[in-house]
Structures are given as structure tokens and as C-alpha cells.
Amino acid sequence: RVQNPLLTDIQVDWGGLQVADVYPKQIPDLFSAKPLVLTGKYNGSGRGTIRLRGKQAGQTLTREIQVDFPASASQHDVLATLWARTKIDDLTMQDPGNAERLDLRESITALGLQYRLMTQYTSFVAVEEKIITDGTTPRRVEVPVEMPEGVSYEGVFGKERDEQKKMAYSTAMP
């Protein structure tokens, strides 16, 4: 399959449509049984013709695709998240050595927060809070959670606190 791409040197002419931030920037070759997916943003609405050009067996091939970009389509809201994930991947690849370019880090973080995506700079923590009402003033109850496998108490809280815990346990024993 890799030896015989279906289409190479692919280019897309958006035909004047207001399209921006299309990823991947460098369009790869098209192979059998592997779709080529481009994600981008469009501003406003519009109808037009996209022209897809490439080489098939050395010959130039052009396909025209009619598109209709609606002003809004709530049933396709998930596509914005797909675009954001693709942009985050592109930004991450711009700094493969993790030299921590501040501009890329800020862009990745902003996208992660805006589109609620986990990135190398953002994460999400689930916090459960319960309110118990027993006729008195409501109070917060903290629910203890076991340490994850491979994590030691000493590694999280330090040796000194671990020793204090052991001392408190031994003095409480009869």
C-alpha cells in the first residue's frame, strides 16, 4: 500500500471560501483504505467549489467538490473540538525537542481550556463534594482516596510527616 499511493502532491484550492487554519499544513499522500482528513475553520457561511489537485500514476488529476458552509450547524459542534485537537497536535510538533517555547505553550494551553481538551499543559481533575444535611448546618465531608499504585506516602508527604504519622499511630495503640 505504501509503495503505491493513490494520489500524490495534493493541493487544495478553496475557491475563495473564507477558510483558515487548515491542518495538516503539509498535505500527505493519499493511500488505499486510509482516508485523508483535512480540518479547518470557516468564517461565516458560503457556497462554493473546492478544487482538489494531485498526481495519480504521474498524471494530473483534478476533482471539484461542491460545498455549502452553513452559518451554524449545532449538530456538528464536535467538529470544532476535532479541529482544536488537530491544531494542538500541529503546535506540539513545532517544538519536538520540548524546548518549551512560551508562545506555543500559551497557545496550546488556551486551546485546551477553550475546547476542554487535555493537553501536555492542561489536565482535568474530578472533585466530588457531598453536602450532608442531618438537621444541623451543612458541612463539607472529605472522602479519603487510596494512594495510586506505585506512589508512596513518603514520596508525596515527605519522610518527616510519615514519621509523625507512625508515631501518632503507635501512641494511639493500647
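Trainee: Is Arg 51 buried, exposed or partly exposed?
Mentor: Arg 51 is partly exposed, because its relative accessibility is 26% and the buried class stops at under 20%. Keep in mind that this is a predicted model.

Trainee: Where does Arg 51 sit?
Mentor: Arg 51 is in strand 4.

Trainee: And what is Arg 51 in contact with, leaving aside neighbours within four places in sequence?
Mentor: Its contacts are Gln 11, Val 12, Asp 13, Arg 63 and Glu 64. There's also a C-alpha separation of 6.6 Å between Arg 51 and Trp 14, which are 37 residues apart along the chain.

Trainee: How many bridges join strand 4 to strand 5?
Mentor: Eleven, with strand 4 covering residues 46–56 and the two running antiparallel. To pick out a residue, Arg 53 has Thr 62 in strand 5 as its bridge partner.

Trainee: What's in the loop between strand 4 and strand 5?
Mentor: Ala 57 lies in that loop. Ala 57 is exposed, at 77% relative accessibility, and has a positive phi of about 55° although it isn't a glycine.

Trainee: Which residues does the cis peptide bond join?
Mentor: Tyr 23 and Pro 24, with omega at about 0°. Pro 24 lies in the loop between strand 2 (19–23) and strand 3.

Trainee: Switching to aromatics. How many aromatic pairs does a search of the whole structure find?
Mentor: Two. Take Tyr 42 and Phe 69: the ring centres are 4.5 Å apart and the planes are at 15°, so that pair is stacked.

Trainee: Which strands hold Tyr 42 and Phe 69?
Mentor: Tyr 42 is in strand 3 (residues 39–42) and Phe 69 in strand 5, so to speak a link between distant parts of the chain, 27 residues apart. Tyr 42 is partly exposed at 31% relative accessibility, whereas Phe 69 is buried, with a relative accessible area of 17%.

Trainee: What about Trp 83 and Tyr 115, how are their rings arranged?
Mentor: Edge-to-face, 5.9 Å centre to centre with 65° between the planes. Trp 83 lies in helix 1 (residues 78–93) and Tyr 115 in the loop between helix 2 (102–114) and strand 6 (130–132), so the pair ties together parts that are 32 residues apart in sequence.

Trainee: Are Trp 83 and Tyr 115 buried or exposed?
Mentor: Both are buried.

Trainee: What sits over the ring of Trp 83?
Mentor: The charged end of Lys 41, at 4.6 Å from the ring centre. Trp 83 is also in contact with Thr 39.

Trainee: Tell me about Thr 39. Which strand is it in, and is it buried or exposed?
Mentor: Thr 39 is in strand 3 and is buried, with a relative accessible area of 9%. Beyond neighbours within four places in sequence, the contacts of Thr 39 include Asp 21 and Tyr 23, along with Leu 82 and Thr 86.

Trainee: Now zoom out. How many helices and strands are in the protein chain?
Mentor: Four helices and seven strands. From the N terminus on, the elements go β-β-β-β-β-α-α-β-β-α-α.

Trainee: What share of the residues count as buried?
Mentor: 16% of the 174 residues in the protein chain. The accessible surface of the chain is about 13800 Å², with 52% of that belonging to carbon and sulfur atoms.

Trainee: And of the contacts between residues at least 6 apart in sequence, what share join residues at least 24 apart?
Mentor: For the protein chain, that comes to 47%.

Methods:
Residues are numbered from 1 along each chain as its sequence is written. This is a predicted model: local features need pLDDT of at least 70, side-chain atom pairs count only at pLDDT 80 or more; totals for chains, interfaces and linings use all residues. Side-chain values use heavy atoms; hydrogens and water are left out. Buried means under 20% relative accessible area, exposed over 50%, partly exposed in between (1.4 Å probe, protein chains only). Contact means heavy atoms within 4.5 Å. Accessible areas come from the Shrake-Rupley method with a 1.4 Å probe; for residues, only the protein chains shown count as cover. Two strands pair if DSSP finds at least two bridges between them. Rings of Phe, Tyr and Trp (its six-membered ring) pair if their centres lie within 6.5 Å; planes under 30 degrees apart count as stacked, over 60 as edge-to-face and the rest as tilted. A charge sits over a ring if NZ of Lys or CZ of Arg is within 6 Å of the ring centre and within 35 degrees of the ring normal.
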